[in-house]
Structure formats: C-alpha cells, structure tokens
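Student: I would like to learn how to read the surface and the disulfides of a protein model. Could we go through them together, one feature after another?

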Amino acid sequence: MRSTWNRGYPLLNRGLPAPISAIPWLCIRVSSMRVLRGDLAVLVVVAVVLVVLEVLEAGVPLVAVAVLEEAFRQEPRAEEEVTYPLIGGLLVGAPLGQNLQPSTNKSGALFKCPITTRRNDCKQVVTDGKRAGPHSEYFPPNSEEEMKDGQWLGVTVRSAGPAGKVMVCAHRYVVKSDPNSRWGQGLCYTLKQDLAWDQAWQPCQGESMYKAHEEYGYCQAGTSGFVTRDDLVLIGTPGPYTWRGTVFAHNISDDYFDRDKTKYLIPVEEGKSPVEKYSYLGFSVSSGKFFPGKNAETYVAGAPRSQTTGEVIFFERGGGSTSQTEPQMRILSRLLGETFASGFGYELTAADINGDGVTDLAVGAPFYFDRDSGGAVYVYISDPKTGFRENHPFTKLKGRKKESRFGFALTNLGDLNKDGCQEIAVGAPYEDEGVVYIYLGSRHGISTSPSQVIRSVRGAYMRTFGYSLSGGIDIDGNDYPDLLVGCYSSDMVIGIRSRPITHIETRIEAMDGLENIDPTKPGCQKDLESKDVCFSFKACVRMADSHREAQMSLLYHLEAETHLERNKFSRVRFSDGITERPHIVERRITISAFKEHCSQETAYLKPKHFTLTSTYLGHSIPSNTSQDVLDVFRFLRMLTVPGVFPNGSAHVVYAENQDSYMQIVFTFEV
C-alpha cells in the first residue's frame with residue numbers, strides 16, 4: 001500500500017509515490033529498479049517504442065527517473081551497442097537503496113542513468129553526507145542528532161525544467177532532540193542542473209515540537225514536492241498540527257544575497273488552517289497558471305482525507321505579490337471530493353488540456369469505487385476568465401475494474417499529437433498486472449475514452465505497471481514527448497518512446513476535363529481506343545509538416561464509389577486496379593519530406609443494367625384497352641428523353657395478362 005491511512009501512525013508512509021517531474025529530468029518512483037534494454041513496438045497515439053531498463057547491480061534497489069540536458073552526454077559506443085540520441089539521461093530515485101554516505105543502511109539514493117543497452121552505466125548522485133556544503137568532506141551521519149536509515153531518500157524527485165534545478169526528498173528523515181526523542185521531520189536537497197550538491201532544506205527545523213504531533217513533531221516534509229519555473233520549491237508536509245498538513249515554499253535562486261529568504265507556508269494553526277485535523281494537506285502538490293488574472297504562478301495541494309471525501313486547495317504567496325514577505329500563504333479556492341474515502345487529492349497533475357494557455361488540473365481519487373469501477377480521475381478545465389471556483393464543473397474518468405487504483409499515478413504527457421493541447425497518462429497499477437491509460441486533450445476538454453490502453457505483458461515480470469509515471473519530456477530527440485512507467489512490485493522502470501506523428505495531406509488534380517465527362521463519348525486521352533467512357537486524374541500525397549525522416553513508405557489505397565458500402569459491384573474500374581476488385585488501387589509508395597508525390601490514374605465507366613418488374617393484380621383487363629400498360633410505356637419513353645438519361649434505352653422482355661393480374665418485365669440500359 002502506498003500510504004498508511006491510520007491516523008495514529010506517527011510516520012506517514014508515502015510508499016514510493018507516483019508522478020515525478022517530467023521536465024528535463026524525467027522522474028519515476030519505484031522501490032528498486034532493474035534495467036532491461038530493448039525495443040518493443042507499442043501503439044500510443046501513433047506508436048511508441050518500449051524500453052525496459054534491466055539489472056544495474058544485483059540487489060540495488062532503485063526508483064525514479066529523469067532527463068538531464070547537458071550533464072552527461074552519450075559517448076560513442078561499440079557497434080553492437082545501442083545508444084539513443086538523448087538530450088541528457090535519466091534520474092532514478094531509490095528510497096530503499098544503499099547511499100554512498102558512510103555508516104548508513106538503506107537510507108535511499110539517487111542515480112543518474114543514460115539510456116543505452118549497457119547494464120552497468122548508472123551512477124549514484126552525491127546527496128547525503130554533504131550537509132556542510134558542496135565542497136565539504138563526505139561525512140557519516142551524526143548518530144546523536146539524526147537517523148538516516150529508512151529515511152526513503154528518493155521518494156520524491158522533481159525538476160524545474162530546462163536548465164533548472166532538481167529536488168530529491170526523504171520524508172521519513174528523523175532528528176533527535178535528546179537521546180529519548182525521535183521527530184520525523186523530513187529532509188530535501190536541491191541539486192544544480194549538473195547534479196552538483198546545492199542546498200539542504202528542513203522546513204520544520206526550528207519550529208516548536210513541544211506538543212509533538214500537535215505542532216511540528218512529525219512533519220514528514222518531502223512527502224510530495226514541486227520545483228516551479230520561478231525558482232521556488234514547494235515541499236508537501238502533511239504531518240504538522242495533528243496531520244492537518246501544510247506546504248512550505250522556499251526560493252532557490254542562485255542569487256543568494258538578493259533572493260527572497262522568506263519561508264512561506266499554508267497556515268496550520270486552529271482557526272487559520274483551511275482544513276481540519278487528519279486531512280493530510282500537502283500529500284500532493286503542483287503549480288501552474290490556474291487563474292488568468294494573475295501574472296505569477298499559483299499553487300495547488302491535495303488533502304486526500306479532508307472532510308472524509310478529500311479536497312484540493314489553491315493558494316499563492318502572501319497577498320499574491322512576489323515581493324510580499326508575509327509568510328502565510330493566501331487561499332484562493334478549493335475543490336471538494338465527491339465520495340467518502342475516495343482519496344480525492346491523492347495525486348495531482350497540471351496540464352493545458354484544452355490549449356487555451358490557462359493551466360487545467362487533473363485530480364486522482366484512486367480509492368473511489370462504485371458497482372463497476374475502481375478509482376477515478378477528475379479533470380477540471382480552468383475558466384478563461386475566473387480560473388477555478390468552488391463547485392467547479394468536471395469530467396470524471398473512471399477505472400474499468402474494481403480495486404484497480406485508477407488515478408494512483410498521473411502525469412502530464414505534453415502534446416503527443418501536435419494539436420496544441422496537452423495529454424495526460426493515468427496509472428491503474430492493480431488492474432491485472434498494471435495498466436496505463438492515455439487520454440488526449442482537445443479544444444473541448446479531455447477525451448472521455450482513452451486513445452490507448454498500455455498493459456503489462458503477463459509473464460514479463462512487470463507487476464504493478466503504472467505505479468508511478470513521469471512524462472512530457474523528449475528523451476530521444478525526435479521532438480515528441482516520451483513516458484516513463486514504474487513497476488514497484490517488479491523493481492523496474494519502463495521507458496516508452498513516442499514515435500513522430502506524420503500528418504499526410506491528399507488531393508486530386510483533374511486531367512482530360514475531369515469536371516465535364518460526356519457519358520456518351522467513349523475513350524479518353526490516355527486510352528483513345530477504349531469502347532468505354534474513361535478519364536484520367538492525379539492523386540497526390542505529401543507530408544503536411546516537417547519530419548526528421550527524409551523518406552517514408554506508405555500504403556497507397558485508392559477506391560472508387562466508397563458510398564456503395566456492402567455492394568459488391570462498382571461501375572468504375574481502374575487500369576491498375578486489383579484483379580478481384582478493379583475499382584480499388586493499392587500499391588506501396590515512398591514519399592520524401594517537403595516533396596509532393598503524385599500518381600496518374602485512369603478510370604473506366606462500365607455500362608450498367610437495370611431490371612424493373614411491374615406487377616398488377618386485379619380484375620381481368622383486356623390488353624388492347626389496358627390503361628396500366630399504356631402508363632408503363634409512357635414511363636419508358638420518359639426515361640429516354642434527352643436531359644434525363646440521354647443514352648438510355650428500354651424494351652419489354654415479357655408481358656402477360658391473366659384473369660387476375662397483368663405482369664410486364666422490361667430492362668433499362670444506360
């Protein structure tokens with residue numbers, strides 16, 4: 001279980017939480033990782049390539065993955081090895097890993113890994129043991145002041161984006177105030193873009209612990225985290241004041257002397273906090289342009305036990321001004337969960353789903369249930385004028401199986417299909433062996449049906465596939481964002497690489513006066529001797545957008561009279577048509593980037609025959625006085641008049657006048 005919901009338990013076990021930052025370090029949290037290298041084709045929107053990352057070192061537990069811009073570029077390898085053209089590499093957090101810090105045991109670690117076919121090229125990033133600064137010696141922990149074992153460093157890994165910093169947290173880090181006291185305060189580190197040690201953050205350090213859990217005794221800072229684009233780290237801290245919870249914000253700018261040194265937080269005291277005790281505010285956190293009227297980013301945090309249904313709180317720094325030094329965060333709005341004990345707010349992801357430039361929000365409720373569903377995700381589209389408000393409308397996506405934990409992990413995938421709207425991925429790790437659902441954004445909001453369902457392969461040892469997710473970064477340099485998937489129970493991280501989507505445009509170019517075909521005149525310029533009416537045209541295709549591949553092979557399919565649907569016969573045949581179905585042309589063609597490909601086709605019109613049967617039942621009618629017979633022949637003469645069917649002709653093939661009925665059969669040919 002990813003978290004402990006027992007309110008009497010002093011340390012909240014986040015249990016290797018879900019989505020990690022997807023910018024430019026792609027991050028995933030799992031318990032331990034084996035790296036299997038390889039390529040398996042899977043369809044995502046158009047297609048993706050699956051890369052399973054296999055054993056690094058025997059027994060090394062790893063977790064969490066990311067992409068680095070310039071820190072370690074790929075070196076040329078031997079021809080038998082495969083190196084993907086990465087912008088950087090992956091970061092993998094390992095909450096149960098063995099840290100490089102001396103005198104520690106399974107305190108957690110952070111690894112950097114290039115994506116190659118090699119199995120031993122991940123290296124641990126220096127984190128613990130450098131508390132005195134980046135140039136200090138590598139010290140063991142002070143056993144009289146802190147407990148590092150079991151702190152779960154790597155449970156949260158986040159990135160600020162290109163050229164931004166990275167944050168890694170250990171929410172179970174314990175400090176000692178005396179030999180008999182243990183305080184689960186939590187600890188985070190920020191690292192520079194090259195992963196050099198930057199600074200340690202203990203937001204509850206120095207706060208009152210006199211009343212233990214009723215104050216700051218069990219903060220569990222770092223249960224969640226986020227690094228914003230305006231040099232701020234948000235540290236989710238669900239433990240203060242009897243697990244009311246809060247979020248701390250610190251400025252991490254490199255300009256130490258001029259940066260804002262205020263420690264911001266959501267109020268936690270009775271009467272000031274936006275939530276009640278045991279709400280777990282700060283269990284998840286994110287940031288974005290949620291409110292159109294505000295220039296600065298605003299923030300959002302989940303409180304999955306608030307008011308029994310769960311709740312999401314929007315907030316900003318004191319008064320909304322970046323120069324404001326008021327440490328209390330100001331509450332802007334809130335969203336309340338729908339059902340009891342659903343865990344609404346357990347996970348969050350911000351994305352511009354409808355492409356209007358305002359950030360939208362997806363909220364996970366993995367413990368939601370009804371008769372047929374297990375887990376839910378609530379998608380809120382921000383109002384372009386007012387942002388978010390209470391009772392805001394939402395679209396609900398539900399898991400397909402009970403107890404699947406659908407919504408346990410969420411991530412912003414970026415724009416997969418290049419329509420200007422961002423997509424989201426949803427993990428359901430306990431549906432069979434684990435499933436990841438892809439939902440496309442659109443101008444009308446989120447699609448309610450997944451564009452793809454990616455399942456773990458039975459027998460591939462990928463259990464709890466989708467336990468953690470991280471997406472939105474192009475890790476292989478093809479201009480399309482990729483996805484990383486954690487398999488907690490199998491100690492694996494799966495990399496799914498999106499292949500480029502190519503938009504193909506088609507057009508028909510007239511030849512031989514295609515607009516005016518005379519059905520009475522056989523032949524055409526391409527085939528003057530033809531006894532059938534024919535005409536020629538060009539069918540052209542081209543890539544509608546730029547593409548990295550110089551050439552592409554396509555299956556060219558041209559079909560006449562597609563409106564016939566189930567009819568087996570068509571009046572049109574092509575000179576190069578399929579033998580069994582001559583009204584269809586199929587062939588393979590190769591098109592080049594920025595160049596149109598045209599095929600010249602000739603089509604023939606075959607004569608068509610109609611058989612019409614008229615039956616009259618009634619009294620015996622003398623044939624020489626039958627008005628019905630006269631009416632039928634008048635109809636036949638009408639069909640042959642110019643302007644209706646100029647080339648039509650008709651004749652009677654059978655006529656019978658009995659005592660009780662008259663029947664006439666004729667054919668009409670055109």
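Tutor: Accessible areas come from the Shrake-Rupley method with a 1.4 Å probe. In this model, which is predicted, the protein exposes about 30200 Å², and carbon and sulfur atoms supply 50% of that area.

Student: What percentage of the 670 residues is buried?

Tutor: A residue is called buried when its relative accessible area is under 20%. Buried residues make up 54% of the 670 residues in this protein. As for the secondary structure, the protein comes to 2 helices and 43 strands, and among contacts with a separation of 6 or more, 60% are accounted for by residues 24 or more positions apart.

Student: How many disulfides does a search of the whole structure find?

Tutor: A disulfide is a covalent bond between the sulfur atoms of two cysteines. The search of the whole structure finds 5 disulfides, and when the bonded cysteines are numbered in sequence order, the pairing reads 1-2, 3-4, 5-6, 7-8, 9-10.

Student: Which hand does the link of C113 and C122 have?

Tutor: The sulfur atoms of C113 and C122 are 2.0 Å apart, and with 125 degrees about the S-S bond the link is right-handed. Both C113 and C122 are buried.

Student: Why is the disulfide of C204 and C219 left-handed?

Tutor: The S-S distance between C204 and C219 is 1.9 Å, and the torsion about their S-S bond is about -105 degrees, so the disulfide is left-handed. Both C204 and C219 lie in the loop between β15 (197-201) and β16 (224-227), so the pair ties together parts that are 15 residues apart in sequence. C204 counts as buried because its relative accessible area is 1%, and C219 is buried as well, at 0% relative accessibility.

Student: Where do C540 and C598 lie?

Tutor: C540 and C598 are joined by a disulfide, with 2.0 Å from S to S, and the torsion about the S-S bond is about 110 degrees, so this disulfide is right-handed. C540 lies in strand β36 (residues 533-543) and C598 in strand β40 (residues 597-605), so the pair ties together parts that are 58 residues apart in sequence.

Student: Is C598 buried, partly exposed or exposed?

Tutor: C598 counts as partly exposed because its relative accessibility is 34%, a value that falls between the cut-offs of 20% and 50%. C540, by contrast, is buried, with a relative accessible area of 1%.

Technical notes. Residues are numbered from 1 along each chain as its sequence is written. This is a predicted model: local features need pLDDT of at least 70, side-chain atom pairs count only at pLDDT 80 or more; totals for chains, interfaces and linings use all residues. Side-chain values use heavy atoms; hydrogens and water are left out. Helices (H or I, at least four residues) and strands (E, at least two) are DSSP runs, numbered from the N terminus. Buried means under 20% relative accessible area, exposed over 50%, partly exposed in between (1.4 Å probe, protein chains only). Contact means heavy atoms within 4.5 Å. A disulfide is a pair of cysteine sulfur atoms within 2.5 Å.
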